[in-house]
Each structure stands twice: as C-alpha cells, then as structure tokens.
Amino acid sequence: MHPQHSSYPFRRPSGRFTVSFCGNRITSTNAAKLVKNRRWPRTHFLNSVSVLAATALLGAFTAHAKDHVDLQFWDMIWGPPEYIDTGKALVAQFNQEHPDITVTYRSVPWNNWYQTFLTAIGSGTAPDVSTGAGYQAVQLYDQGAILPIDDVIGQWKTDGKLDDFLPKTIDTLKYDNHYVALPWAIDIRVWYYRKDLFEQAHLQPPTSWQELKTVAQALTKADKDQYGLVACGDTLGSHYLYTLILNNGGGLFTKDRKIDLGSDRNLEALQFLSELVQNHNVYPASAGYHDDDEVSAFSQGKGAITLHAPGLAGRLPKIRDKIGLLKPLTGPHGEQGTIFWVNNIMLYKQSKHPAEAKIFLQWWSEHEKDLWTKGHVTQLPVRKSFAADPYLQDNPETAFILSNYVPVGKNTATHATEIFPKLNDVEGEGVMQTLVQNLLQGKDVNASVKEASDRLKSIMTD
Amino acid sequence: MPRAAIQSSQRVAPTLLVRGLPIERLPYLLLLPSLTLICLIELYPFLSGVSYSLHKGTLLSTGNFVALDNYVRLFNSPDFYNSLSFSFFFALFNVVFSYLIGLGLALFLNLDFPGRGLCRVLLLIPWIVPAVVSIVSWKWLIADRGGLVNIILATFGLGPIYFLSQSGWAMVAVIVIKIWRSFPFMMLSLLAQLQVIDRTLYEAGKLDGASHWQLFWHITLPHLKNISIVQAILMVIWSINDFETPFLLTQGGPSNATENLILLSYRYTFGRNDIGRGSAVAILTLVLLVVLATLMLHQQRKIA
Amino acid sequence: MKFNFKWLLLLVGLAVVFIVDFPILTVILNSFRTTDSILSSRNILPDQPTLTNYFYINTRTHFWTFLLNSGIVALASTALGTGLAALAGFAMSRFRLRVLGIYNQALLIVQMFPLILAIIPLFVMFRRLDLVNNFVPVILVYTVTQLPFATWMLRSYFDSVPKELDEAARVDGCSRLRGFVQIVLPLSTPGIAAVAIFSFLFSYNEFFISSVFLRDENRMTMPVGIQSFMQQYSTDWGGLMASAALAMVPTLILFLFIQKYMISGATAGAVKG
C-alpha cells in the first residue's frame, strides 16, 4: 500500500528561509581530510574472501558424498499438530527400511496451496511426490506436471491389491485414460445435530428434507438467539450447496461437462435452502461466518443442525456427548447423496527418480494407517483394511460416516463421467461462495442462480 | 573560473560535452539507481501487464494472443461494473467524510488550549497503526450480537445488525473503517495550513464586524483550497488502490459487495488463474486513476 | 472565564480522542482477557487481567518469526530506499534540468500506480527465478513504493540547506558529490532520520505485497501472519487481540519518534514559497 503522508509534488518549497544548525561548520578541507583517512582494512577483506571460498568448496564436496537417491515428499496438513510428527516418523521408518533412498518430508499449509505448487512447478523445483486436494492431480496433469501411475495400478490389479480400496476411489482419479494419482483419504460433508436441544424440544432427528424443515422451524427461538440451523459463507458454506444439490440427485454439470446449475433438481435443492432462510430458521449472521465461527456458534447452541467435515465432536470435546450425526437425508425424490472428495497422492514429471518415487508412493499408501491411529487425521481412509482398524471402528462417528455417508458420496463433477481440471477453478474462484452468501442473505434464488451460472460458464469456457 | 590547486586525493567530476556545452554527468548518475529500480519494478511490469491483458494466459503459461477480447468480456461482465461502482462510492464517501472530519478536527485543534499537542498526536493513531490491527479492532466491535455497536443499538431498542453478513451493511462498515483510517491525514495537512494563515487577517475581519461564519468562508477556506484539492487527489488515488481494508475485513464479500477493482483483479489472477483478465482490470484501474488525477489537477490549476 | 473555557476545550479534545481511539484501546484492553471473558464481559476494563493470550501466541504461533521477518524486510527496504531517494532528492534539489522534471512526473505515476498491475508480472517473473517466499522481491517493491515520498521529502529537506554551502565547497575544490556527502547530508540528518523512520513504518505496516510473495509460514511478515491467524482461528479473540496489541508496539514507538517530524513536515510544506 502506498504510504499515506503529506507530500507536495505540486508545489516546491523554495528553501529561502535560513536555518542554522548547531554551530558546527564543516569546511571542505576538513571533509577532504576525513576521506583521506578512511582506508580499506585489506587484511580483513582477504580473510573473509578465503573463508567464503573454503566454505563453498566444502559445500560442493559434501553434496556429492552421498551415493543414493534423494526424494522430496510434500504433504499437506491433514490433521492436528501430531499429524506432522507422525508423518515425519513414518518417513523416517521408510528411510530406515530403504537404505538407498532418503525421503525428505515437508509439511505444506493449505493457505494458497495452489500457488505453492504452481510456483514450484514453474521454477523447476517441484517435489517428487506430494499429497493434495481432490482435483489437484487432474489439474496439474493438464498443465503437464504429473507423472501418471498406470504401471503401479496395473501391477496392483494383477496382485489383487486393488481390492483393499473402497469401490470407485481408484477409478475416480482416472483422467484422459490415465491414472493420475492414488487415492488415500476421503473428505466428506455430513450433518450434525445437537442431541440436547432436540431432547429439550421433544423432537426426533429428521430423516428427510420435509422433516428437516419442520424441526428447524420448531427449534427456532429467535429471542433466545437459537435457530434451527447455523451455516457459514466461506468455502464450507459452498459445500452446503453441493451437498443439497447432490442429495437431490442434481449436479453442477451435464454428462458432457456443460454447466447445468439451473436444472430442476438443482433449483429445487437451492430453493430448499432459501426457504429455510426465508422462514428465519437459519442463524442470520451465517452469510458472514467462517468455518470456525460456525463451529463456535454450533457449540453455543445458536444452531441445532449444521453441516461439517468429519471430526466435529473431536473439535468440541466439551460437548462431545451432545453432538449426534443425522443419517443422510432423503430428498423429495427419495434420493440420498452428499459431497465428497477423494484426496490424492501424486507423482511429478520433474522427478529425477521416478522409479524410486513409485516405490515410496506404494509404501506410503500401504503403511499410512499411522496417520489415523497416531496422527488423528479426521478424513476417512480409502482402504478397507485401515477402516477395519479398531481406532476407526471404535469411533462411532467414523464408523457411522463410513457406513452411511461414504456409499452415497458424489463429487462435484457430477453428472460428468470423470473429474477434470477446471473443477479446481470452479471451487477456488469463489462463485459458489457468492451463491451461498446470496441465499443466506435471503436473495432471490433465480436471480442468484442466473448470476452464478453465467459466472460458472465464464470460468469453464474463458 | 580559475580552478584552485587540486590535491591528489580529490577528483574533478568529468564533464561531457554536448553541442559544445559542458554537461555534468552527476545528476544523471544520481538518478540512475532509482530510475533503474523503477523501470524494473514498475515499467517492466506495466509493459508486461499490457501484454498479458492482450493474451489469455495463466500463471504458468503466457497463452494465446486475443487482442482486446479480455477487455470486451470485462465490459460485458457484471462483476466489473459491480467493482467499479463500489470503488467509486468507496472513494467518494472516503474523501468527502474524511475531509469533513479532518477539517472539523483541524479547526478544533487550531484553537489554543492546553494539551492540544497531545490531542493532535493521539488523533493520528488511526492512520499510523497497521491495517490488520485496525481491522481486528473494528471486527470485534461490529461482529455478531455481542459486539459493542450492537450492544449500543440494543439499548436504543434497535435490532442486531450483522454487519459482515449483509451486503449493504458490509459496504457501510468497510467505508466507515476507511474514513476512520484516513481522516488523520486530512486533519494534519489542513491543520498545518491553518496554522500559517496570518492571524492579522482575522483581526482585521473582526474589526470590520464579520461573523465567525464569514471569517471562515472568506478567509479560512480560500487558504485551504489548494491544499484541499491536492489532498483530495491523493486520497482518491489511495482509496481506489486500497486492497487491504476490504480484503482484510470481508475478503470482498458477502456476495462480492465489497469487491473493488483491485480485489476483482486479485480474484481473476489468483482465484481463476486468469492473468489476462486480471491484468486488464488493473490497466483499466490505472487509466481511471490517470484520468481522475488529470481532471482534478485541471481543477486545481483553474483555482490556483 | 477564558481559563475555564480552555480547560473545557481540553476536555472536549480528550473526549474526541477517546472516541476516535476507542477501537485501538479495546484491542489493548482485550489482550489481557481470555476469549470467554471478551465475549461475555460488559466492562471496558478487564475484570481479571491475565497474560494467557501472550503466552499462547508466544508458544503456539510463529509470532516472533513474523516480527523478525517484518523487521528484516522493512530495514532493508528503508536503507535502500532512503539511500536512493537521497541521491535522487539531491539531484532534484540542486539541479534544474528537464530530465528532473520528467523524473518528477515519473514519481507521480509511481505514486498512483495500482500495485496489482505490478504484482502479476512480478509474481510470474520472480516465480520463474524461484524467488517466491524470498525477501528480495518484497524489499525491492517496498523500496520503489517508498521512493516518491522519500524523494520529495528529502528534496525539501535538502532545499532547506542553503546552496551557498555547496558553492563554498566547490570553490574549495570539492566535487559536487563530495559536497553532498560531506556537507548537505550531515546537515539533513534529522530529515533523513524522519524519512527513514517513515519508510520503516509503512513497510512494516504493509500487507498486500507481503501476502502475495511471502506465503511460507516461516517467511510471513507480521500483518500477513495476523491475517492468517484471523482467517484460521476466527473465534480465538484472545490470541488475535494479543497479536494485534504486540504488533502495534513497534508502530507506536516509531510513531513517538517521528510525530513531531510529521507535523513539522506538514508545516514546512505549507509554507508558501
């Protein structure tokens, strides 16, 4: 930002007024003497040069001392602080088991993740392997940066190892007839509710949209600052829209990837949310809320129902036993559905050691159960063997989500047959956030949908 | 002019000859480092920006040449007009109100009372603190029911206003915060100008029986005209270029209500990975600023 | 009577100051309250002042790293900027050439240049050089954005050093440059100090450029760090208030040093020449 100050480019001060500075008059002969006496301390200079040279040579030598392969593994932050420690420990275990490969673990924050990867790719410093969001591999593949893993998948198919993966997860990451990444976890959106508020009002948790509407009305007591639902207006807010649309059998796209936001099923879903808002059953500040605000409001009972990622009970330990999960809601046409993303592990074309990178990739995929048991990742595993682990089975929340929500999960590409690069732009550009903010402010559905449609088309085609 | 005896440790600046006249290299050398940096950091990007705006590029690749297509699409896009209008109102309200408040406080601080120096210093604080700090403080005051503003409203029986959750109120909030951050600058410049107005003018006016208002209108204001226009120009430029205030508070929402031209360019570039359109918006903003500044300078010359 | 009126004015002044600076005051006061207390308390003064927020940001966030990064970037850009501005300001003060008039216009354009226009190509350029998350681009951009202001301010300070001193030096055989370094500069130290502190202040406060180039948590400057905290933990008011309060401290300290320069600088410019 430009400095805010008093500056006068338009009028020059003349400097005609006289100023006297503390009596010390510097004459030019004095000045000349000062300059003469300043000498370069030559010896000091030479010393520092030689030290620098020595260090540089030393560095060059030690760099070539190792004889084996170095890999860079970039892992997004998928859980609480202990996640990073677990990741590092797991990498250390790999390094131990494979003496000729050394993997360096780097934790990458979510903030501006796309820029981080683009920057690295653009300057030739991409990692060898990385984890990433649901459409990262596909989008970067389109930019020519990803190394497909058809051979890995092919080998596992022959060995029967693919059976350990939940159905659909491997094939979701197929694009342009190549497998562009391995799936490793599922992120999904589920409905939570406050059991205590429901009990107080003698209500049963809803199972359909109609029931949701009714209980939301019953649970709204504006004077007590309590509402049926609390939502938010950021990225999580946009997930409300995806969830409802997919729940109703709708989808953002047609089979051939044309924007179809205004389809009947979609409009029906968006109308549903809009009606909840018009009936004043959604917390009024929701449009301006972030994820954090929504969670806080839910914990304070400002909303009795909310949509969130798995692990909400863990985030609110104090009211853990007051938090329950709704079964996936049945829409007006009898369908169920929710939004999910299959998160990736991918290899990069810039890797100088693709063979070793593939070894690490396979090892990581097979051994990463620690990330759940010790790292406390809140997302769901794609491997049935991991899902069967007591850590996950004993957690009622996780078990419930695995058996109820994951089977009905769909991705944002629906109804297109496979995911594609532009999905990242669609999610990242902000158009769906604007749409949910519009709906949460009670603005007209049709006008808002038209606006969002145009904007989506612009993102897809421009 | 005879040269004095030159000691061996002193050098004479070598002179160039152009058309037979000596030209000192020194001023050019003095400007050179600054000029180089300016060319690197602003001229080169400007030219690149123009080039990007004529192509359809992403942050990874330059893309195809599309001539004025980006501009045409912009002019057909409601987003552009939305951000243009918000930039306009943001600048307008900011300049007007920060000026009025600054003038009022400058007149007040021009009065002679003990401790006015202290007051003057303390009133500069909104301008001095980092934008983030301002936003954190205001956000707490206006966020949710428990914020101070809503508590005050509640005592008057008025309902809670969820400033950050409603497009209209969010715009109001952003503008108010900007005015709060801007007025000290106006106040300071106006005060400085007030303090050099010859007091005898006022005394003469009072002898002639002029009222306070007439003194203000006929003596004070004319003296302030020049500086006022200058400050207004600067404030308009800073308002239109302001990324921090709207971004930190609302990130341009809700519903893109507080998205100004700069935020729009940012969204196109980093949200949509479309540097063609992002650069086009930025260039249009520059054009707008140049036009505005020229117009206002014209006004200033007319008056001066 | 007059005496009472003056004290009344002071009272009004203090009331205005209280209202205007109230948001800042609340940040400082709230930093000594826990988040729960902030949300529930109705008093202005904290009931049970506590330092937990400060301990929290000390141990759980990278706050000191942010501060250090801010310091490095601001210091480097101030040194570079003030140096370049001094040279250019001297040229503008002592010479009357057309190129200087053009340079003045250029400074005007730099002043009104929308940074986003520079940021996009610079980001692409520095990304190719793998200099994103590096201080260098930020320092360079800050230097350039400070140049107009610093140059104009320094020029007016140099203008106030009588040209006769320069002439005297030249007669004695000093080159103009040495005359500048030996005579004009030392006499302008207050002005240079003021400009330097100004530049430091605005570099320290700056958010946009840092947020684009310095994204790594170890490289973020203080404003970006606080913003990221605000986005992620939007309900942790205690931590946020403490961060904001601490972040303000260097600003306020520097401000104390230069506030009289700001006022005298404004006055100097107001003198009709």
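Is B:Ile101 buried, partly exposed or exposed? B:Ile101 is partly exposed, its relative accessible area being 36% (buried is under 20%, exposed over 50% and partly exposed in between, with a 1.4 Å probe and protein chains only).

The model is predicted: local features need pLDDT of at least 70 and side-chain atom pairs count only at pLDDT 80 or more, while totals for chains, interfaces and linings use all residues. Residues are numbered from 1 along each chain as its sequence is written, chains are lettered from A and ligands numbered from 1 in the order in which they are written, and side-chain values use heavy atoms, without hydrogens and water.

**View 1. Nonpolar surface patch around B:Ile101.** B:Ile101 lies in helix α3 (residues 78–110) of chain B; helices (H or I, at least four residues) and strands (E, at least two) are DSSP runs numbered from the N terminus. Together with B:Phe88, B:Phe89, B:Leu92, B:Phe93, B:Val96, B:Phe97 and B:Leu100, B:Ile101 forms a nonpolar patch with about 690 Å² of accessible area. Patches take residues with over 30% relative accessible area and no salt bridge, joining nonpolar side chains (Val, Leu, Ile, Met, Phe, Trp, Tyr) within 5 Å and like charges within 9 Å. Accessible areas come from the Shrake-Rupley method with a 1.4 Å probe, and for residues only the protein chains shown count as cover.

**View 2. Interface of chain B and chain C.** Here 88 residues of chain B are in contact (heavy atoms within 4.5 Å) with 91 residues of chain C. The two chains bury about 8200 Å² between them, 79% of it on carbon and sulfur atoms; buried area is the accessible area (1.4 Å probe) that two parts lose on being put together, summed over both. The count of salt bridges between chain B and chain C is 1, a salt bridge being a side-chain nitrogen of Lys or Arg within 4 Å of a carboxyl oxygen of Asp or Glu. B:Asp112 and C:Lys6 meet in a salt bridge at 3.3 Å, N to O. Helix α1 (residues 26–53) of chain B gives the most to the side of chain B that touches chain C, with 19 residues.

**View 3. Interface of chain B and chain A.** Contacts link 42 residues of chain B with 40 residues of chain A. About 3500 Å² is buried between these chains, and carbon and sulfur atoms give 50% of that area. On the chain B side, B:Leu60, B:Trp238 and B:Arg272 lose the most area to chain A, together 18% of what that side buries. There are 2 salt bridges between chain B and chain A. B:Arg272 forms a salt bridge with A:Glu429, with 2.9 Å between the closest N and O atoms. The largest share of the side of chain B that touches chain A comes from α10(B), with 6 residues.

**View 4. Surroundings of A:Phe386.** A:Phe386 sits in helix α16 (residues 384–387) of chain A and counts as buried, at 5% relative accessibility. Neighbours within four places in sequence aside, A:Phe386 is in contact with A:Ser365, A:Glu366, A:Glu368, A:Lys369, A:Trp372, A:Pro381 and A:Leu392. A:Glu368 and A:Phe386 are 18 residues apart in sequence, with 8.8 Å from C-alpha to C-alpha.

**View 5. Chain C.** Chain C has 14 helices and 0 strands. The C-alpha trace of chain C spans about 75 × 70 × 30 Å along its principal axes. Of the 273 residues in chain C, 60% are buried.
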